[in-house]
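Hello,

Here is the structure I promised to send over. My notes follow below it.

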Amino acid sequence: MSRTYSPKIANVIRKALMDEEWNSPFEERDGQFIFTMGMHAPIKSLGFVIEVCKNHYMIYGMSPVGPDSEDPQQMQRTAEYLTRANYDLKNGCFEMDWRDGEVRYRIYEDCDGMRLSQKVVRNGIASLALTFERYSQGLLNVIFGNQTPEEAIELAHRKALEEIEYLRREVEKELEKRMQEQQEKEEGLADLKLQDPFGESDEPQEPETDLEEGEA
């Protein structure tokens with residue numbers, strides 16, 4: 001049975017995925033886009049599903065790893081970890097299916113009366129991937145009992161602060177580089193202004209006169 005969805009929204013998402021830099025082939029069917037993206041994290045890949053509706057769309061990041069639904073303690077630890085993670089997240093949230101232990105991350109984008117752009121789509125995908133990378137180590141530690149949920153969240157937050165500090169240093173380096181280039185440019189312009197375009201000496205010259213020596 002076919003779904004009801006917005007072809008206009010789907011077309012923007014299609015173009016964003018075709019132009020994206022991740023080079024991930026995607027499958028499109030009935031208003032859904034399905035693809036996999038490699039991760040720079042202990043969880044090496046993440047399955048993506050973008051589901052288009054009439055006035056909005058949702059991006060799901062599906063983890064290939066989750067707790068054993070037959071292990072109540074493992075399920076409880078994972079649920080606590082994801083709940084602690086969600087408290088500090090600003091865009092989207094983690095979800096866990098209590099039936100089978102599936103873990104995913106969801107982002108909702110409202111398009112009602114708004115102009116959707118390819119950049120918004122790509123930013124949503126990138127934001128989801130970055131969030132999963134940040135919390136993936138803690139998720140594995142909690143599932144396999146290597147850390148408590150509280151310890152795992154502290155680790156994730158510490159890594160987030162390290163990432164922010166790294167980005168801050170990189171921005172400072174870039175600003176310093178641009179300031180240096182601007183200073184060199186201004187000094188070069190100043191040197192040009194000091195040069196006489198007609199090749200005359202910079203030394204002051206005696207004023208010219210038509211009077212012969214001795215004439216008053």
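In which sense do strand β3 and β4 pair, and over how many bridges? They pair in the antiparallel sense, over six bridges. Pairing here needs at least two DSSP bridges between two strands. Helices (H or I, at least four residues) and strands (E, at least two) are DSSP runs, numbered from the N terminus.

A word on the source. This is a predicted model, with local features needing pLDDT of at least 70 and side-chain atom pairs pLDDT 80 or more, while totals for chains, interfaces and linings use all residues. Residues are numbered from 1 along each chain as its sequence is written, and side-chain values use heavy atoms, without hydrogens and water.

Strand β4

β3 covers residues 45-52, and β4 covers residues 56-62. The two form a hairpin with three residues between them. E51 has M58 as its bridge partner in β4. β4 also runs antiparallel to β6 (residues 103-110), joined by seven bridges. There, G61 stands opposite Y105.

Seven of the seven residues in β4 are buried (under 20% relative accessible area, 1.4 Å probe, protein chains only). H56, M58, Y60 and M62 point one way, and Y57, I59 and G61 the other.

Helices α2 and α3

The axes of α2 (residues 72-87) and α3 (residues 118-143) come within 9 Å and cross at roughly 155°. Axes are lines fitted to C-alpha atoms over the stretch in contact, with angles from 0 to 180 degrees between N-to-C directions. The helices are therefore roughly antiparallel (over 145 degrees). Contact means heavy atoms within 4.5 Å. Among the residues that meet are Y81 and L82 in α2, and Y135 and L139 in α3.

Best wishes

Notes
Buried < 20%, exposed > 50% of the residue type's maximum accessible area, 1.4 Å probe, protein only. Parallel < 35°, antiparallel > 145°, perpendicular 65-115°, else oblique.
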